[in-house]
Amino acid sequence: MPIKEFDVIVIGGGAAGLMCAGTAAKRGLYTALLERNQRPARKVLVTGKGRCNVTNNCEPQQLIQAAKTNGRFLYSAFSAFQSKDTMDFFEQQGVALKTERGNRVFPVSDKAMDIADALVGYAKHHRVNFVHARCTEVCKDENGQVFGVLCEDGEKYSAKAVVIATGGKSYPLTGSTGDGYAIAAALGHTIIKPVPSLVPIVTNESWCNELMGLSLRNVTLKLMEKGKNKPVFHEMGEMLFTHFGVSGPLVLSASSHMSGDLSRYRLQIDLKPALSQEQLDARLLRDFEKYKNKNFGNVLGQLLPRKLIPVFARLCNIPLDEKVNQISREQRKAMISLLKCFSVTPKCFRPIDEAIITSGGIKVGEINPKTMESKLVPGLYFAGEVIDVDAYTGGFNLQIAFSTGFLAGSHVCKQE
Ligand SMILES: Cc1cc2nc3c(=O)[nH]c(=O)nc-3n(C[C@H](O)[C@H](O)[C@H](O)COP(=O)(O)OP(=O)(O)OC[C@H]3O[C@@H](n4cnc5c(N)ncnc54)[C@H](O)[C@@H]3O)c2cc1C
């Protein structure tokens, strides 16, 4: 059977691979996109809780600042294809967009499916050949030049250039199982150890289990590190208690500021950020006066979600059935302290499977940042999360996928 020949083969039909393949094909290159799943862009479907925070409406400089690992490496990629370009791209594909809090951009429909369909539509429009196959190896000739790929089913495909866009190791059910690392390592590339980022946190407190399912809105979360007075992270938003500890947007963001031994960190939740200690004291005095003959547990219902009350009462050492008029000044002070600083101690991260992002990947020093071509293997390119780059939440990670995918697709098979 003759080997199928292409100009470019892109391995991985995620955000980066689809953008890359469409861009290469638009330049007239005969392009194949190898995707192991029946359907491409499966991870896009789960982004932004199914709404897809597709980019962040900001300048390239802010994109670089939001990329916590190797932001400067992305300078050319963000210059070539910035947030504005992403927004124009999707609007041109017929997806209307809206900008929400924190410059986060979503489709007006709130459907990640629209973003996935637009990416697939773009690639199809430019006649990308979709191949359902799992690539296992990229082949190079005796001069070290890439000439094709091998797939799990034994099929071989040849091409002048190959782009690895296989994503990271998070959410493996979407197809991203880290294959690209082994493929690149076999060609001599260094892999910076993949670790979870933007990941839920297991805590030492067993009572978190009791609070499972409780979501706190409009609280502030401070991440404190032993020996430092200033918080490492401090933001207002939403978080969630789970059977193992804590999760939700605030916690995921905080996790990307933590590394190594987590026992040196503390997560402090301000349950009443809109009120100062004095204002809270006045509010408590008012409530206690109004309900002086009621049980403490019942009065707490004015202040806290029902699920939190038993744990809160235990932590400030006041029995739930204590009459409010029996509560001492010291006990009230303890309550205020706890309301302003409800603390949990991190034990470890949840596994990489549950992380939003994989930190680590192909060492950036071995990739030309202006083209995304390997400095070690001519004709080999990289795009997206497989590279050792990652960012905070806010649409920045998809922007990295689009920018690097566009840059690689614009340079493959070019005589530089
Ligand atoms: C739950 C969740 C929510 C998220 N929400 C957001 C958000 O709202 N905004 C944001 O900016 N980012 C978000 N992210 C991160 C974002 O989804 C990723 O950064 C982005 O999808 C990475 O794109 P990629 O193309 O590099 O990799 P992927 O999207 O992982 O795509 C890689 C593709 O390669 C395929 N593949 C892998 N190995 C092979 C192989 N050997 N052969 C053939 N195909 C292969 C996979 O099946 C997959 O389709 C979220 C991530 C998760 C998990």
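**Figure 1. Salt bridges in the predicted model.** A total of 20 salt bridges is counted, a salt bridge being a side-chain nitrogen of Lys or Arg within 4 Å of a carboxyl oxygen of Asp or Glu. The model is predicted, so local features need pLDDT of at least 70 and side-chain atom pairs count only at pLDDT 80 or more, while totals for chains, interfaces and linings use all residues. Residues are numbered from 1 along each chain as its sequence is written, and side-chain values use heavy atoms, with hydrogens and water left out.

**Figure 2. The salt bridge between Arg39 and Asp117.** The closest N and O atoms of this pair are 3.4 Å apart. Arg39 lies in the loop between strand S2 (31-35) and helix H2 (42-46) and Asp117 lies in helix H6 (residues 112-125), so the pair ties together parts that are 78 residues apart in sequence. Helices (H or I, at least four residues) and strands (E, at least two) are DSSP runs, numbered from the N terminus. Arg39 is partly exposed at 36% relative accessibility, and Asp117 is partly exposed at 39%; this class falls between buried (under 20% relative accessible area) and exposed (over 50%), with a 1.4 Å probe and protein chains only.

**Figure 3. Lys98 with Glu100 and Asp110.** Lys98 forms a salt bridge with Glu100 at 3.5 Å, N to O, and another with Asp110 at 2.8 Å. Because Lys98 lies in strand S4 (residues 97-100) and Asp110 in the loop between strand S5 (104-107) and H6, their pairing ties together parts 12 residues apart in sequence. Partly exposed residues here include Lys98, at 24% relative accessibility, Glu100, at 29%, and Asp110, at 30%.
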